[in-house]
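Subject: Structure handover and notes

Dear colleague,

I am passing on the structure that we talked about, with the sequence alongside. Please open it first, and then read the notes below with it on your screen.

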Amino acid sequence: MKEEHTLLIMDYLEGHWNDQKEAKLQQLLASGEISQEELSDWQMLYEESPQLPTPAPSSQLRENFYSMLGSWEQAQTPSWWQRLLQSFNTSIRVSQLVTAILLLLVGVAVGFWLSPVQRYESQIGQLSSEVQQMREAMVLTLLEQPSAMQRLKAVSISTDLSSSTEKIHHALLRTLNEDAQVNVRLAALEALLPYAHNSLVRQGLVQSIAQQNDPLIQIALAQAMVQLQEKQAVAPLKDLLEKESLNQDVQQTIEQSLEILI
């Protein structure tokens with residue numbers, strides 16, 4: 001009997017049936033490919049099979065079972081090098097996790113420790129810059145005031161600046177050359193001398209010699225040029241000596257200064 005016929009009969013006996021299978025079975029019975037006797041034998045065998053005794057497993061079957069089970073467990077059990085590799089990988093993952101946690105804690109601690117300091121330093125730096133800008137603005141404003149006292153105060157404030165800008169240098173040089181009060185001009189000269197290393201200030205002081213008519217300023221500038229050892233002041237000092245109305249004290253100071261500078 002063909003296997004497909006056997007399967008069809010088993011479906012018939014177990015109730016896995018439909019119209020299509022019924023038509024197929026009837027066709028096979030009609031064609032004689034399956035006889036009615038064969039179908040009856042299958043039906044009788046199926047009905048009696050639950051009553052057949054179940055054979056007890058033999059000792060060989062038990063041994064074969066445990067042998068196969070042992071082989072399977074051995075295949076599933078990792079070898080020593082696999083266990084070592086697994087342990088190594090586990091150690092690496094644990095060490096990486098510990099390292100990551102430590103780095104996180106260090107980062108948090110450093111951030112906690114540095115942030116307030118940096119913010120404090122940044123605030124101090126910003127505050128200092130703002131104070132510097134306010135002082136410079138005050139100096140420039142006071143230098144434009146009609147009161148000599150206010151202009152003297154401006155020059156005094158300029159000496160307290162932590163660093164002076166080119167704008168302050170220009171303002172002080174203009175005060176040295178143009179201010180109506182000699183004491184204000186002398187104060188401006190004194191305020192400029194600490195910045196004589198600046199080329200703008202140094203050149204401005206040399207050029208100021210020719211613009212001064214007051215003996216006190218002329219003497220102060222001549223002495224300043226000696227103090228600075230400024231050779232470029234020789235020519236304007238010589239030009240000043242040519243003036244007929246030059247004060248004798250100024251003349252004497254300039255001559256002494258030229259002897260040093262030349």
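A residue is called buried under 20% relative accessible area, exposed over 50%, and partly exposed in between, with a 1.4 Å probe and protein chains only. This is a predicted model, in which local features need pLDDT of at least 70 and side-chain atom pairs count only at pLDDT 80 or more, whereas totals for chains, interfaces and linings use all residues. Residues are numbered from 1 along each chain as its sequence is written, and side-chain values use heavy atoms, with hydrogens and water left out.

Salt bridges

Side chains of opposite charge can pair when their charged atoms come close. Taking a salt bridge as a side-chain nitrogen of Lys or Arg within 4 Å of a carboxyl oxygen of Asp or Glu, a search of the whole structure gives 4 of them. In one of these, Glu 144 and Arg 174 are joined at 3.7 Å, N to O. This pair links distant parts of the chain, 30 residues apart, since Glu 144 sits in the loop between α5 (80–143) and α6 (148–158) and Arg 174 in helix α7 (residues 166–178); helices here are DSSP runs (H or I) of at least four residues, numbered from the N terminus. Arg 174, with a relative accessible area of 38%, is partly exposed, while Glu 144 is exposed at 56%.

Another salt bridge joins Arg 151 and Asp 179 at 2.5 Å, N to O. Because Arg 151 lies in helix α6 and Asp 179 in the loop between α7 and α8 (182–192), the pair ties together parts that are 28 residues apart in sequence. Arg 151 is buried at 8% relative accessible area, and Asp 179 is buried as well, at 10%.

Arg 202 and Glu 230 also form a salt bridge, with the closest N and O atoms 2.4 Å apart. Here too distant parts of the chain are linked, 28 residues apart: Arg 202 is in helix α9 (residues 199–208) and Glu 230 in the loop between α10 (215–228) and α11 (234–241). Glu 230 is buried at 7%, whereas Arg 202 is partly exposed at 24%. In that loop between α10 and α11 one also finds Gln 229, a residue other than glycine whose phi is positive, near 55 degrees.

Nonpolar cores

A nonpolar core is a set of buried Ala, Val, Leu, Ile, Met, Phe, Trp, Tyr and Cys residues joined through side-chain atoms within 4.5 Å. The largest one has 41 residues, and those with the most contacts inside it are Leu 205, Met 225, Leu 237 and Ile 254. Each of α5, α6, α7, α8, α9, α10, α11 and α12 (248–261) supplies at least two residues of this core, and the largest share, 9 residues, comes from α10. If neighbours within four places in sequence are left aside, Met 225 is in contact (heavy atoms within 4.5 Å) with Leu 205, Val 206, Ile 209, Glu 230, Ala 233 and Leu 261. Another core, of 7 residues, lies apart from the largest one and includes Leu 13, Leu 25, Leu 28 and Leu 39.

With kind regards
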